[in-house]
Each structure stands twice: as C-alpha cells, then as structure tokens.
Amino acid sequence: NPFEVTEQFIQQFNHAKEQKEKEQVIDMARKMLIRNKRKAGLNTMGSGNHVNLPLAWTELAFLVQCKEKIQEEALDILLISLDQAPMHPDQIPVLFFLAESVLYWICTDAVKQSYLYACEVKIIKLGFLTILRLFIFHLTGLVQAFKECKFRLHTYLEGKLMF
C-alpha cells in the first residue's frame, strides 16, 4: 500500500533535500494524514465501519516524527481522536505504545529546550489523554494482562532508560 506509513517514509521525509522531492513527500504525507483522519473517525466521533483507531493512532504517531507542518497536523488529529473516540479494550496496546512514545519524545527532545514550543505542549497533552485512558482501563481491571507493557512504561517513568 503506497499510503502506509513506514519508518522508511519518515526517514525519506525528514531527509528530503531537493525541492521536488520535498514537495512529493509532503504531498504523500498529506494523503496519509487524510487517510488516517478517516480511519480515526474524526467526522464520526470515532465510530463507523471505516474506523480503525489502533491502526490510525499508530500511523499518526509515526507521522508525528515528520518535521514541521505534518508533525503539527498529526498531533492535532491524534489529540482530537483521543479526546472524542469511544473507549474499547482493543485500544490498550496502542495506548501503551503512545505513552512510551510520548515519554521518549519528552525525555529526548523537550528536556533539552529552555522553553516549550507549541509542538511540545501538544505532545504533553497527548501524553495526558493517553495516560488518562490507560488509567480508566486500569480502574476497570483491563490492563492486568499487559504486564510487559506496564513494565516498559514503568521503566520510562522511573527514568532508567539512557538516551
């Protein structure tokens, strides 16, 4: 699928040098954003046959690694989706992935800044919404089976990982 978000595409996007190449990857990234907006069900409050929240959230998290405007748009879509989508237990693995990603981004990028940019504030909001959902699932007892994910997240929270 040409619109599938891959690590290779993220690298190509961030390292594009020539203007024509930049225009091509920006166009492709915009198409990926539109596709993921639909998969996230932004116009349908996160429900419908076309919605696949775990896949959309994962691909949007990859697109957050793109620079500039694409990063901002991916964060905006993620924030809206996480805020409005209904909760379902099949979201738990991707929520752990998002929580780990947010903590990694904060530990590697935001702490090096003397002040926060709008992007970092959005990442912190993303972390809040993600951990809030995980906490609600925890209160209902649905995260018990995710011992390895909880251990990895705990490691990030303790700051034991070296960056």
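**Salt bridges and a helix pair**

Reply: Lysine 122 counts as buried, since its relative accessibility is 17% (buried is under 20% relative accessible area, exposed over 50%, partly exposed in between, with a 1.4 Å probe and protein chains only). As background, this is a predicted model, where local features need pLDDT of at least 70, side-chain atom pairs count only at pLDDT 80 or more, and totals for chains, interfaces and linings use all residues. Residues are numbered from 1 along each chain as its sequence is written, and side-chain values use heavy atoms, with hydrogens and water left out.

Me: What does lysine 122 form a salt bridge with?

Reply: Its partner is glutamate 72, with the closest N and O atoms 2.8 Å apart. A salt bridge here is a side-chain nitrogen of Lys or Arg within 4 Å of a carboxyl oxygen of Asp or Glu. The pair links distant parts of the chain, 50 residues apart: lysine 122 is in helix α6 (residues 118-139) and glutamate 72 in helix α4. Helices are DSSP runs of H or I with at least four residues, numbered from the N terminus.

Me: And glutamate 72, buried or partly exposed?

Reply: Glutamate 72 is partly exposed, at 22% relative accessibility.

Me: How many salt bridges does the structure hold?

Reply: Eight. One of them joins glutamate 59 and arginine 35, whose closest N and O atoms are 3.3 Å apart. Glutamate 59 sits in helix α3 and arginine 35 in helix α2 (residues 19-39), so this pair ties together parts 24 residues apart in sequence. Glutamate 59 is buried at 5%, while arginine 35 is partly exposed at 24%.

Me: Changing topic. At what angle do the axes of α3 and α4 cross?

Reply: Roughly 150 degrees, and the axes of α3 (residues 53-63) and α4 (residues 69-84) come within 8 Å. Axes are lines fitted to C-alpha atoms, for helices over the stretch in contact, and angles run from 0 to 180 degrees between N-to-C directions. The two helices are therefore roughly antiparallel, a word used for angles over 145 degrees.

Me: Which residues of α3 make the contact?

Reply: Leu53, Trp57, Leu60, Ala61 and Leu63, against α4 residues that include Ile70, Ala74 and Leu78. Contact means heavy atoms within 4.5 Å.

Definitions and conventions
Parallel < 35°, antiparallel > 145°, perpendicular 65-115°, else oblique.
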